[in-house]
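Have the sequence and the 3D view open as you read.

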Amino acid sequence: MDAIRVIRFIVTTVAWAKDWDDRISGRQCQWCSHGRPDEIDFGTRVFAGQVSDAYFARRAFVRGYAVVVWRGRHVVEPIDLSPAEADQYQREVLTVARAIRDHFQPAKLNYLTMGNWEPHLHTHVTARYPDDPGDGGPLPAKTPPLLDLRQWRTDAEAVRTLLEQIQWHASGALLHPDGHG
(Lines give C-alpha, C1' and ligand atoms only; values in the text may rest on other atoms or scores of the structure.)
Protein backbone atom coordinates (compact mmCIF):
# COMPACT_ATOMS: atom_id res chain seq x y z
CA MET A 1 0.00 0.00 0.00
CA ASP A 2 2.77 2.50 0.87
CA ALA A 3 4.62 1.75 -2.38
CA ILE A 4 1.45 2.44 -4.37
CA ARG A 5 1.03 5.80 -2.66
CA VAL A 6 4.66 6.77 -3.40
CA ILE A 7 4.22 5.81 -7.06
CA ARG A 8 1.03 7.91 -7.28
CA PHE A 9 2.94 10.87 -5.83
CA ILE A 10 5.80 10.45 -8.29
CA VAL A 11 3.60 10.17 -11.37
CA THR A 12 1.34 13.10 -10.44
CA THR A 13 1.91 15.61 -13.21
CA VAL A 14 1.51 19.33 -13.21
CA ALA A 15 1.85 21.37 -16.38
CA TRP A 16 4.61 23.96 -16.44
CA ALA A 17 3.29 27.50 -16.07
CA LYS A 18 2.66 29.36 -19.32
CA ASP A 19 4.79 32.26 -18.02
CA TRP A 20 7.65 29.91 -17.07
CA ASP A 21 10.34 31.91 -18.90
CA ASP A 22 9.30 35.07 -17.04
CA ARG A 23 9.32 33.21 -13.72
CA ILE A 24 12.77 31.70 -14.34
CA SER A 25 14.20 35.09 -15.31
CA GLY A 26 12.71 36.72 -12.20
CA ARG A 27 10.41 39.06 -14.16
CA GLN A 28 7.34 37.26 -12.72
CA CYS A 29 8.83 35.86 -9.51
CA GLN A 30 6.33 35.98 -6.68
CA TRP A 31 9.02 35.67 -4.01
CA CYS A 32 10.99 38.60 -5.45
CA SER A 33 7.89 40.77 -5.81
CA HIS A 34 6.92 40.23 -2.16
CA GLY A 35 9.95 42.07 -0.81
CA ARG A 36 10.48 41.03 2.83
CA PRO A 37 7.10 41.57 4.48
CA ASP A 38 6.15 40.17 7.87
CA GLU A 39 2.94 38.66 6.48
CA ILE A 40 2.10 37.20 3.07
CA ASP A 41 -0.80 35.02 1.92
CA PHE A 42 1.38 31.96 2.55
CA GLY A 43 2.07 32.75 6.19
CA THR A 44 3.93 34.84 8.71
CA ARG A 45 7.64 35.55 8.83
CA VAL A 46 9.34 33.91 11.81
CA PHE A 47 12.93 34.55 10.76
CA ALA A 48 14.79 37.28 8.91
CA GLY A 49 18.34 36.11 8.31
CA GLN A 50 21.23 37.60 6.42
CA VAL A 51 20.25 35.87 3.16
CA SER A 52 16.83 34.35 3.80
CA ASP A 53 13.44 34.75 5.38
CA ALA A 54 11.43 31.89 6.85
CA TYR A 55 7.65 31.89 6.68
CA PHE A 56 5.55 29.71 8.92
CA ALA A 57 2.80 28.28 6.72
CA ARG A 58 -0.87 28.98 7.47
CA ARG A 59 -1.92 25.93 5.42
CA ALA A 60 -0.24 22.67 6.34
CA PHE A 61 -0.92 18.98 6.84
CA VAL A 62 1.16 19.08 10.03
CA ARG A 63 2.15 21.59 12.68
CA GLY A 64 5.73 22.69 12.11
CA TYR A 65 5.98 23.58 8.43
CA ALA A 66 8.00 26.55 7.20
CA VAL A 67 9.53 27.71 3.94
CA VAL A 68 12.96 29.34 3.97
CA VAL A 69 13.30 31.74 1.02
CA TRP A 70 16.53 33.09 -0.47
CA ARG A 71 16.41 36.90 -0.27
CA GLY A 72 19.36 38.05 -2.32
CA ARG A 73 19.12 38.51 -6.04
CA HIS A 74 16.76 36.22 -7.99
CA VAL A 75 18.27 32.72 -7.84
CA VAL A 76 16.62 29.54 -9.10
CA GLU A 77 19.17 26.86 -8.22
CA PRO A 78 21.38 26.58 -5.13
CA ILE A 79 24.30 25.83 -7.45
CA ASP A 80 24.04 29.44 -8.68
CA LEU A 81 25.08 30.75 -5.25
CA SER A 82 28.68 31.51 -4.42
CA PRO A 83 30.20 29.11 -1.86
CA ALA A 84 29.85 31.75 0.87
CA GLU A 85 26.20 32.42 -0.07
CA ALA A 86 25.42 28.69 -0.19
CA ASP A 87 27.02 28.19 3.21
CA GLN A 88 25.04 31.04 4.77
CA TYR A 89 21.78 29.90 3.16
CA GLN A 90 22.25 26.35 4.42
CA ARG A 91 23.11 27.62 7.91
CA GLU A 92 19.89 29.62 7.96
CA VAL A 93 17.82 26.63 6.75
CA LEU A 94 19.36 24.55 9.57
CA THR A 95 18.68 27.31 12.10
CA VAL A 96 14.99 27.27 11.17
CA ALA A 97 14.96 23.47 11.27
CA ARG A 98 16.50 23.47 14.76
CA ALA A 99 13.75 25.75 16.07
CA ILE A 100 11.02 23.60 14.48
CA ARG A 101 12.52 20.44 15.93
CA ASP A 102 12.97 21.98 19.39
CA HIS A 103 9.43 23.32 19.55
CA PHE A 104 7.45 20.50 17.93
CA GLN A 105 9.60 17.46 18.82
CA PRO A 106 8.69 15.60 15.59
CA ALA A 107 9.78 12.06 14.77
CA LYS A 108 11.68 13.43 11.73
CA LEU A 109 12.27 16.60 9.73
CA ASN A 110 11.97 16.67 5.94
CA TYR A 111 13.78 19.19 3.72
CA LEU A 112 12.62 19.85 0.19
CA THR A 113 14.14 22.25 -2.35
CA MET A 114 12.30 22.08 -5.67
CA GLY A 115 10.91 25.20 -7.34
CA ASN A 116 8.82 23.52 -10.03
CA TRP A 117 5.88 25.82 -9.33
CA GLU A 118 7.76 28.90 -8.20
CA PRO A 119 11.34 28.89 -9.55
CA HIS A 120 13.04 30.89 -6.83
CA LEU A 121 15.40 29.23 -4.34
CA HIS A 122 13.44 28.14 -1.29
CA THR A 123 13.49 25.14 1.02
CA HIS A 124 10.49 23.54 2.69
CA VAL A 125 11.19 22.36 6.25
CA THR A 126 8.45 20.03 7.46
CA ALA A 127 8.00 18.31 10.79
CA ARG A 128 6.88 14.69 10.38
CA TYR A 129 5.00 12.55 12.88
CA PRO A 130 4.09 8.85 13.09
CA ASP A 131 0.38 9.70 12.77
CA ASP A 132 0.59 12.36 10.04
CA PRO A 133 -1.37 12.02 6.76
CA GLY A 134 1.73 10.82 4.90
CA ASP A 135 1.77 7.59 6.91
CA GLY A 136 5.54 7.26 6.51
CA GLY A 137 5.56 8.41 2.87
CA PRO A 138 5.21 11.82 1.24
CA LEU A 139 2.51 14.16 2.45
CA PRO A 140 -0.49 14.43 0.11
CA ALA A 141 0.05 16.38 -3.13
CA LYS A 142 -2.99 18.61 -2.72
CA THR A 143 -3.84 21.89 -1.03
CA PRO A 144 -3.38 21.47 2.72
CA PRO A 145 -6.01 22.61 5.20
CA LEU A 146 -5.87 25.87 7.12
CA LEU A 147 -4.45 25.35 10.58
CA ASP A 148 -6.36 26.55 13.64
CA LEU A 149 -5.59 30.28 13.72
CA ARG A 150 -4.98 30.55 17.47
CA GLN A 151 -2.72 27.48 17.58
CA TRP A 152 -0.89 28.61 14.43
CA ARG A 153 -0.17 32.07 15.87
CA THR A 154 0.98 30.54 19.18
CA ASP A 155 3.28 28.10 17.35
CA ALA A 156 4.65 30.84 15.09
CA GLU A 157 5.48 33.03 18.08
CA ALA A 158 7.17 30.13 19.90
CA VAL A 159 9.30 29.31 16.84
CA ARG A 160 10.12 33.00 16.34
CA THR A 161 11.26 33.23 19.97
CA LEU A 162 13.47 30.15 19.62
CA LEU A 163 14.97 31.57 16.43
CA GLU A 164 15.90 34.77 18.25
CA GLN A 165 17.78 32.66 20.83
CA ILE A 166 19.55 30.21 18.53
CA GLN A 167 22.91 31.41 17.28
CA TRP A 168 25.99 30.13 15.55
CA HIS A 169 29.13 29.72 17.59
CA ALA A 170 32.32 31.16 16.06
CA SER A 171 33.47 27.58 15.40
CA GLY A 172 30.55 27.11 13.03
CA ALA A 173 28.56 24.90 15.41
CA LEU A 174 24.87 25.63 15.80
CA LEU A 175 24.17 26.35 19.46
CA HIS A 176 20.94 25.57 21.22
CA PRO A 177 19.47 28.35 23.41
CA ASP A 178 20.95 26.57 26.47
CA GLY A 179 24.43 27.07 24.96
CA HIS A 180 24.95 23.48 23.78
CA GLY A 181 25.06 22.01 20.27
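## Charged pairs

D102 forms a salt bridge with R101, with the closest N and O atoms 4.0 Å apart; a salt bridge here is a side-chain nitrogen of Lys or Arg within 4 Å of a carboxyl oxygen of Asp or Glu. D102 counts as buried at 18% relative accessibility, while R101 is partly exposed at 42%. For these words, buried means under 20% relative accessible area, exposed over 50%, and partly exposed in between (1.4 Å probe, protein chains only). Salt bridges that share partners also join R36, D38, R45, D53 and R71 into one network.

Within that group, D53 and R45 form a salt bridge whose closest N and O atoms are 3.5 Å apart, and both D53 and R45 are buried. Another pair to look at is D22 with R27, where the closest N and O atoms are 2.6 Å apart. D22 is partly exposed, at 27%, and R27 is exposed, at 58%. A search of the whole structure finds 13 salt bridges. In general, side chains of opposite charge can pair when their charged atoms come close.

## How to read the model

This is a predicted model, in which local features need pLDDT of at least 70, side-chain atom pairs count only at pLDDT 80 or more, and totals for chains, interfaces and linings use all residues. Residues are numbered from 1 along each chain as its sequence is written, and side-chain values use heavy atoms, with hydrogens and water left out.

## The sheet and its helices

Five strands form an open sheet in the order β1-β2-β3-β5-β4, with antiparallel pairing. The edge strands, each pairing on one side only, are β1 (43–48) and β4 (108–112). Neighbouring strands are turned by 25° against each other on average, direction ignored. Helices (H or I, at least four residues) and strands (E, at least two) are DSSP runs numbered from the N terminus, and two strands pair if DSSP finds at least two bridges between them.

Strands β2 (residues 52–57) and β3 (residues 65–70) run antiparallel and are joined by five bridges; S52 stands opposite W70 in β3. Helix α4 (residues 83–104) lies across β1, β2, β3, β4 and β5 (122–128), at about 165° to β3. Helix α5 (residues 149–165) lies across β1 and β2, at about 10° to β1. Axes are lines fitted to C-alpha atoms, for helices over the stretch in contact, and angles run from 0 to 180 degrees between N-to-C directions.

## The loop at A60

A60 sits in the loop between β2 and β3 and counts as buried, at 4% relative accessibility. Leaving aside neighbours within four places in sequence, A60 is in contact (heavy atoms within 4.5 Å) with Y65, P144, P145 and L147. The C-alpha atoms of A60 and T143 are separated by 8.2 Å, although these residues are 83 residues apart along the chain.

## The largest pocket

The largest pocket has a volume of about 1500 Å³. Of the 40 residues that line this pocket, Y65, L112, M114, W117 and H124 are the closest to its centre. Elements giving two or more residues to the lining are α1 (2–11), α3 (30–34), β3, β4 and β5, and β5 gives the most, with four residues.

A pocket is an open set of points on a 1 Å grid over the protein atoms alone, where a 1.4 Å probe fits, with protein on both sides within 12 Å along at least five of seven lines; lining residues have an atom within 4 Å of a point. Grid points are joined across faces, edges and corners, and a volume is the space filled by probe spheres set on the points.
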